[in-house]
Amino acid sequence: MLWTVLFALLLLLILQAQLCVCLRELRASTASALALPPPPPPSSQATTTATNGTVQRLPGAIIIGVRKGGTRALLEMLNLHPDVEVAKAEVHYFNLDENYQRGLDWYRAQMPFTLPGQLTVEKTPGYFAAPLAPERACQMNPAVRLLLIVRDPAERLVSDYTQVLHNRLQRHKPYQPLEELLLLDDDINGGGNDRHTRRIDPGYKALQRSLYHVHFQRWLEHFPREQIHVVDGEALVRDPYPELRKAELFLELPPRIRPSNFYFNATKGFYCLVSAGHDKCLDESKGRPHAPLSQRAFRKLCRFLREHNKRFFDLVGRTFRWC
């Protein structure tokens, strides 16, 4: 009887041991199946170093506008300089909240790789009229150099509309004629006769972007005047070299851009670039024929802009031959 009890206890201990082993294996397999995957390596949003010693840096100079003022031409011409590297696409960091919330590491990652001593230049023409852009740019670097290229604001407005019109036509979307967007109808009752006059609509967005003094004043609240270089867009089209030389001086770059870097393309009607034996002309959207606007409406627009232009001239300390 005693041996039977001992044998039963021994058998019970063996079964208990096997059960413990099975439970451990079951817990291990369950934990493995339910375990979260290891976190991915941190994204390389910080400064990335290439094998040739170049790094991505925040821009030392930004072309802030104006839209349809010649910003792409200015960027491409500055890129002729061996000490300049440019961001290939508009980044829209300071004017779009969804980009700004990504932080400076994301912004830096959009920049080109540069060698020590090279200047990184970014251009986003939407910055100029964006209310929050001046403060945000100043918070990034209060010493950053700013370039603003301007043209006749009336011509700029028509060019602005022309680009929007072209995009809508390509997408087969409806559009309004420029005159309908630019002018408002006023009904005037005089002596029993109804007369209709038309006045400029100050709420038209393309017009608001042409009120240069409003936006420039906002930038002056965060940057000293000497830190903003104003480029004459019409002069850049007529003869690029003098305007590029002024830009080199402003950016404290050694004079490397030459008159031989430009040649006039009679077919296109504007200057093209020459660098290292290769020529480059701006894309077909440059020099696109403007959308129609009657002479009467254009003169009305020029009269509306006259006082606004004078305020801009006072701010920048120079005048331009605009309509």
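Visitor: Into how many nonpolar, polar and charged residues does the lining of the largest cavity divide?

Guide: In this predicted model, the lining of the largest cavity consists of Ala73, Glu76, Met77, Tyr271, Cys272, Leu273, Lys280, Cys281 and Leu282. Glu and Lys count as charged. The division is therefore two charged, no polar and seven nonpolar.

Visitor: Which elements give two or more residues to the lining of the largest cavity?

Guide: A search of the whole structure finds one cavity of 30 Å³ or more, and the largest cavity has a volume of about 40 Å³. Its lining includes Ala73, Glu76 and Met77, as well as Tyr271, Cys272 and Leu273. The elements that give two or more residues are α2 (71-78) and β11.

Visitor: Which residue is the bridge partner of Tyr263 in β11?

Guide: Strand β11 covers residues 270-275 and pairs with β10 in the antiparallel sense, over four bridges. Cys272 also belongs to the lining of the largest cavity. In β11, the partner of Tyr263 is Cys272.

Visitor: Which strands are the edge strands of the open sheet?

Guide: The sheet has three strands in the order β10-β11-β12, with antiparallel pairing. An edge strand here pairs on one side only, which applies to β10 (262-265) and β12 (278-280). Neighbouring strands are turned by 35° against each other on average, direction ignored. The edge strands are thus β10 and β12.

Visitor: Which element supplies the largest share of the lining of the second largest pocket?

Guide: The second largest pocket holds about 180 Å³ of space. Of its 13 lining residues, the closest to the centre are Tyr161, Val164, Arg168, Leu181 and Tyr204. By class, the lining has seven nonpolar, one polar and five charged residues. Both α6 (153-170) and α8 (205-209) supply at least two residues, and the largest share, five residues, comes from α6.

Visitor: How many nonpolar residues does the contact of α6 with α12 have?

Guide: From α6, the contact is made by Pro153, Ala154, Glu155, Leu157 and Val158. From α12 come Phe298, Leu301, Cys302, Leu305 and Asn309. One residue of this contact is polar and one is charged, while the number of nonpolar residues is eight.

Terms used: Residues are numbered from 1 along each chain as its sequence is written. This is a predicted model: local features need pLDDT of at least 70, side-chain atom pairs count only at pLDDT 80 or more; totals for chains, interfaces and linings use all residues. Side-chain values use heavy atoms; hydrogens and water are left out. Two strands pair if DSSP finds at least two bridges between them. Axes are lines fitted to C-alpha atoms, for helices over the stretch in contact, and angles run from 0 to 180 degrees between N-to-C directions. On a 1 Å grid over the protein atoms alone, a cavity is a set of points where a 1.4 Å probe fits but cannot get out, and a pocket is an open set with protein on both sides within 12 Å along at least five of seven lines; lining residues have an atom within 4 Å of a point. Grid points are joined across faces, edges and corners, and a volume is the space filled by probe spheres set on the points. Contact means heavy atoms within 4.5 Å.
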